[in-house]
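Dear colleague,

Please find the structure below, handed over for your use. My findings follow it.

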Amino acid sequence: MDIIADTKIIFIDIDGTLTNSDKEVTDKTIEVMKQIIAKGIKVILCTGRWNLYAAGKSKEIGATPITISNSGNLVYNYQTNEIIYINEVKKEHLVDVFNYCNEHNFDCAMNGIMKTFVNTNSIREGQVITSTLEVDEPVSELNIKMSTLDEAIEFKQYIDNDPYL
């Protein structure tokens, strides 16, 4: 018996697939997930959202403790605290982007393993920080909100100067 070939896995998105328009998992969905899991099929949640959100939904439906989050930049086992894969943003780039966002009053959110770090301009939920020295876990996704197209064009010109960004 080939354990890999015999393993059945469902990879499922969260928003609009697992959850309804109110971002809730319905009782019917939980029941269906229980039936799938009872048949020995593994369920892994995949999302563009941050990992803490994915881990919470995974626990809610009894899926595997492995989540794929942060737009595919993080594969994490929240039960063992194991990073299976991460496309980590280098610290020096965090500093550059964070400082740029603060100088221009942009909303900046940095998604880590189980935390989201936000600047003081952010309207998002997360740990408010004033320096990237306060970031105490790897970051695999940056979300920046600007108000105008001109700001976005200026930011693009800024990041075009750095091949990594």
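Lys57 is located in helix H3 (residues 51-61); helices (H or I, at least four residues) and strands (E, at least two) are DSSP runs numbered from the N terminus. This is a predicted model, in which local features need pLDDT of at least 70 and side-chain atom pairs count only at pLDDT 80 or more, while totals for chains, interfaces and linings use all residues. Residues are numbered from 1 along each chain as its sequence is written, and side-chain values use heavy atoms, with hydrogens and water left out.

Lys57 counts as buried because its relative accessibility is 11%; buried means under 20% relative accessible area, exposed over 50%, and partly exposed in between (1.4 Å probe, protein chains only). Leaving aside neighbours within four places in sequence, Lys57 is in contact with Ile14, Leu18, Thr19, Lys23, Val25 and Leu45, where contact means heavy atoms within 4.5 Å.

Helix H3 lies across strand E2 (42-46), strand E3 (66-69) and E4, and runs at about 140 degrees to E3. For such angles, axes are lines fitted to C-alpha atoms, for helices over the stretch in contact, and values run from 0 to 180 degrees between N-to-C directions.

An open sheet is formed by 5 strands in the order E1-E2-E3-E4-E5, with mixed pairing; two strands pair if DSSP finds at least two bridges between them. Strand E1 (9-13) and strand E5 (82-86) stand at the edges with a single partner strand each, so one side of each has no neighbour in the sheet. Strand E4 (residues 74-77) pairs with E5 in the antiparallel sense over 4 bridges, and the bridge partner of Asn77 in E5 is Glu82.

In helix H4 (residues 91-103), His93, Leu94, Val97, Phe98, Tyr100 and Cys101 are buried. These residues are on the same side of H4 because they cover an arc of only 160 degrees around the axis, the arc being that of the directions from the helix axis to the C-beta atoms. Their cover includes strand E6 (107-112), strand E9 (139-145) and helix H5 (149-160).

The largest nonpolar core has 15 residues, of which Leu94, Met110, Phe117, Ile129, Val135 and Val139 touch the most other members. Such a core is a set of buried Ala, Val, Leu, Ile, Met, Phe, Trp, Tyr and Cys residues joined through side-chain atoms within 4.5 Å. H4 gives the largest share of this core, 5 residues.

Yours sincerely

Key
The expected span of a helix is 1.5 Å times one less than its number of residues.
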